[in-house]
Amino acid sequence: MFKKIMIANRGEIALRLLRTFRELDIETVVAHSTADQESKPVILSDQSICIGPPAPKNSYLNIPNLLSAAHIAGVDAIHPGIGFLSENSSFAKKAKELGIAFIGPSPEHLDMMGDKITAKTAAINYGLPTIPGSEGSVETVAEAKKLAQIIGYPIILKAASGGGGRGMKVCLNDGDLDKNYELCRQEAEAAFADSRVYLEKYLQKPRHIEVQVLGDGNGRGWHFFERDCSIQRRHQKVVEEAPSPALDKNLRDSICGRAAAAVEKMGYLGPGTFEFLYENGEFYFIEMNTRLQVEHTISEMITGYNLVELQLKACAGDKLNLEQKDIQINGHAIECRINAENPETFQPSPGLITRWHPPGGLGIRVDSHAYAGYRIPPFYDSLIAKLIVHGDNRAQATKRTVQALTEFSIEGVETIIPLHLRILATPEFQSGDYTIHWLEKFLGWH
């Protein structure tokens, strides 16, 4: 096992990693920007080291600064956390060249799944269902129109290196393609320095279902069942739950089994997530996230496994005494992302937290780096806490979530807690009958 690990990230995930490292008696070093020097993970770590000014490009995305810090601190491994450089193969390679383990999959798998076109090809090769679309990038609008006629409108153009909903355009006809093709390429170039776009059938009422997987890098793989992340706005998840209320046992066993088999065929190392759109009983692979997800916590809550601990053991080469039959669903879990934003306009609300009273009770977990007196910096993601609630069943988990949200008291900044309460009170959430477009309609956006 590793003796000393640098956490190359910030916020709630840095603290969540630190806590598991402590359980395993691993010394911790938190790399931080000048804006985060008062953050809880920095305060609680065994050692901290400043890697630059607030702007991410000068700190959390600055590979030379991070590797210099790791070398100075004498760590034997780096955990990249979530976001920033967590799926950056160059960072992984350069760390390895310095003799420092990168706690994540191989650079080859990072590259394979980081490009949406090669990821889709890989998914087909590994036996996962994919959505009808182009086999690779489409180089001209004429080619896109020809394919769209074969697949049938509506279609969606996507950036090959895209993510987070950027570089996507829905087209209902040839006129839309004429209007959006070059625009999508320009957005892709501006956002990802890669102008390639590809084309897929656009599903009108899909759900977002993702399967949590883990591999040992030597041909063994497991799944930890699925999460339903359909409640989202502009492709940003807001509420997640596990298991999905839309799947029955047969559908669950089928897609989760295929995902675990794909991990084994890949020889994949560590945790990952296969993301699918689901409509009318069919799954369509959209991408693989080669890292922990923000919402990995609800998979932990329903299975009882610490995914970070398993990740460390897998990446350290320890044998994982896991059998798929032993990983079972126990109850139901719901996660609400608590962002410091206006609950109606979603404008970020950085500033000083003057009151912080998190909820408690049976089945309640709050992952957060915030506290009373903490000043939320304006430079980063607005996520300040994750409320994760477990119950014996969906009804109990929902009821406990509403109670916990009501009890959660945060003053000094705005949060989206009022929106969560509105969502959970709707007939659609209560019945589990919603799609990825539901929240935006609920908000009156279209």
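This note goes through salt bridges in a predicted model.

1. Local features here need pLDDT of at least 70 and side-chain atom pairs count only at pLDDT 80 or more, while totals for chains, interfaces and linings use all residues. Residues are numbered from 1 along each chain as its sequence is written, and side-chain values use heavy atoms, with hydrogens and water left out.

2. The structure holds 32 salt bridges (a side-chain nitrogen of Lys or Arg within 4 Å of a carboxyl oxygen of Asp or Glu). One of them joins the side chains of Arg22 and Asp46, at 3.4 Å from N to O. Arg22 lies in helix α1 (residues 11–23) and Asp46 in the loop between α2 (40–44) and β3 (47–52), so the pair ties together parts 24 residues apart in sequence. Helices (H or I, at least four residues) and strands (E, at least two) are DSSP runs, numbered from the N terminus.

3. Arg22 is partly exposed at 37% relative accessible area, and Asp46 is partly exposed at 43% (buried is under 20%, exposed over 50%, partly exposed in between; 1.4 Å probe, protein chains only).

4. Glu323 and Arg220 form another salt bridge, with their closest N and O atoms 3.7 Å apart. Glu323 sits in the loop between α11 (307–315) and β14 (332–339), and Arg220 in the loop between β9 (207–216) and β10 (221–233), so parts 103 residues apart in sequence are tied together.

5. Arg355 and Glu411 meet in a salt bridge at 4.0 Å, N to O. This pair links strand β16 (residues 355–357), which holds Arg355, to strand β20 (residues 409–411), which holds Glu411, 56 residues apart.

6. Salt bridges that share partners join Glu210, Arg227, Lys237, Glu240, Glu275, Glu295 and Arg337 into one network.
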